[in-house]
Amino acid sequence: MTLNLKDRIAVVTGASRGIGYFTALELAKAGAHVIACARTVGGLEELDDAVKAVGGSATLVPFDLADMAAIDKLGGAINERWGKLDIMVANAGVLGTISPIGHVESKVFEKVMTINVTATWRLIRSLEPLLVKADAGRALILSSSAAHKCKPFWGPYSASKAAVEALARTWAYETQRLPLRILSVDPGATRTAMRAQAVPGEDPATVPHPSEVAAALMPLLGPEQTETGKLFLVREKKIVDYHLPE
């Protein structure tokens, strides 16, 4: 079944490259108007060209997610122009450094937490009032298997992704009686700049392209998807429950 998102409004962060870029493009192909957010103006302009090439439409919003006031203004601007929001894809994130916890510089740790956690919370706070106005609001919070594996040297990134999953689950439980549905997403290893930074010796051809991840996310963003407070595993294409420690 082809996903029809005509007349739906979607926000995608980190939309200038990687998973965010291709998710924004897929949303546009499905008929949604995409509000594309990222720091890199050139990447957003390339996305806009690609969106227009498939007959879609986008609004480009260049800003740094560390600018919390800009996140607040985003919600206000969407409310003024459209009065609601149908889809939120919180994709933007940073890796930090692969290093023993005790060797991580404070400015690096703080940046990871600011972009990955605090900005996600601020985005939720800014956009939730708009998402609940939609008839079938859908939100995806991009996470990682690092949230659960907690491998050596991945401390800041693992901690940040565990935190955003906790935010997503809490938010889902708070809104479970509403039409809004919220999922965390584990995309698995993907051919992105972040992956190249984390695993520099890896042959990029051995991991999926971000366009494959974006395509897998599309069924989660339509009204037919009704699960909430769970985790979507892109590689396995399935939604799984969370479990308490045993």
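Leaving aside neighbours within four places in sequence, Ser158 touches Ala146, Ala147, Cys150 and Lys151, where contact means heavy atoms within 4.5 Å. This is a predicted model: local features need pLDDT of at least 70, side-chain atom pairs count only at pLDDT 80 or more, and totals for chains, interfaces and linings use all residues. Residues are numbered from 1 along each chain as its sequence is written, and side-chain values use heavy atoms, with hydrogens and water left out.

Ser158 sits in helix α6 (residues 155-174); helices are DSSP runs of H or I, at least four residues, and strands are runs of E, at least two, numbered from the N terminus. Ser158 counts as buried at 4% relative accessibility. Buried is under 20% relative accessible area, exposed over 50%, partly exposed in between, with a 1.4 Å probe and protein chains only.

Now salt bridges. The structure has 11, each a side-chain nitrogen of Lys or Arg within 4 Å of a carboxyl oxygen of Asp or Glu. Asp86 pairs with Arg8 at 3.2 Å between the closest N and O atoms. Asp86 lies in the loop between α3 (68-81) and β4 (87-90), and Arg8 in the segment before β1 (9-13), so the pair ties together parts 78 residues apart in sequence. Asp86 is buried at 1%. Arg8 is buried too, at 13%. A salt-bridge network links Arg8, Lys84, Asp86 and Asp135.

Next, Asp72 and Arg125: their side chains meet at 3.6 Å, N to O. Asp72 is in helix α3 and Arg125 in helix α4, so this pair joins parts 53 residues apart in sequence.
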